[in-house]
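Trainee: I would like a close look at a single part, please. Could you walk me through the salt bridges and then what lies around them along the chain?

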Amino acid sequence: MKEHLDIILGIVALIAVVYRAFQIETKIYDTIEDLKESTSNRINTFERSLGLHIAIYSERKEQVDYLLHALDDKINHKSNRFFDEIKEFKNERKCKCELDEN
């Protein structure tokens, strides 16, 4: 009877150890899966953030290009007006010099 009891207790202890090992294995796999999901979520968040920053950068670049082009046009316009005024001034001066000589 004692031998049967020892065998039964041994089998129960073996079952408990195997059960506990399977519990630990399950926890390990669950932790790995959670880590995989967390990493995937972080990568997706980073990709969305990067996409947003690229879109904002592209929009700002376009706006700066537009402003630079507008400033170039304004500078060209002002310089053309300035040169036209210089030409007019030279013509007026030339006319005054001709009148003074006569």
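Mentor: Happy to! The count comes to 1 salt bridge, and please keep in mind that this is a predicted model. The partners are Lys61 and Asp65, whose side chains meet at 3.7 Å, N to O. Now look at where the two sit: both Lys61 and Asp65 belong to helix 1, and they are 4 residues apart, about one turn of the helix.

Lys61 has a relative accessible area of 43%, so it is partly exposed. Asp65 is also partly exposed, because its relative accessibility is 40%. The cut-offs behind those words are under 20% for buried and over 50% for exposed.

Let's follow the helix to other charges. Helix 1 covers residues 2-101, and Asp34 is found in it. Together with Asp30, Glu33 and Glu37, Asp34 forms a negative surface patch. Asp34 has 52% relative accessibility, so this residue counts as exposed.

There is a nonpolar patch on the surface too. Its members are Ile24, Ile28, Tyr29 and Ile32, and together they have about 410 Å² of accessible area. Take Ile24 as an example: it is found in helix 1, and it counts as partly exposed because its relative accessible area is 43%.

What about aromatic rings? Searching the whole structure gives 1 aromatic pair. It is made by Phe82 and Phe83, with 5.9 Å from centre to centre and 55° between the planes, which is a tilted arrangement.

Ile11 is found in helix 1, and with 46% relative accessibility it counts as partly exposed. If you go from Ile11 to Ile86, you pass along 75 residues in sequence, and the C-alpha atoms of the two are 110 Å apart in space.

So here is the picture to keep, because it ties back to your request: the salt bridge joins Lys61 and Asp65, about one turn of helix 1 apart, and both partners are partly exposed.

Conventions
Residues numbered from 1 in each chain as written. Predicted model: local features only at pLDDT ≥ 70, side-chain atom pairs only at ≥ 80, totals over all residues. Heavy atoms only, no water. Patch = residues over 30% accessible without salt bridge, like charges linked within 9 Å, V, L, I, M, F, W, Y side chains within 5 Å. Areas by Shrake-Rupley, 256 points an atom, 1.4 Å probe, with all protein chains shown as cover. Salt bridge = Lys/Arg side-chain N within 4 Å of Asp/Glu carboxyl O. Lys, Arg positive; Asp, Glu negative; His and termini not counted. Charge placed at Lys NZ, Arg CZ, Asp CG, Glu CD. Buried < 20%, exposed > 50% of the residue type's maximum accessible area, 1.4 Å probe, protein only. Phe/Tyr/Trp six-rings, centres within 6.5 Å; stacked < 30°, edge-to-face > 60°.
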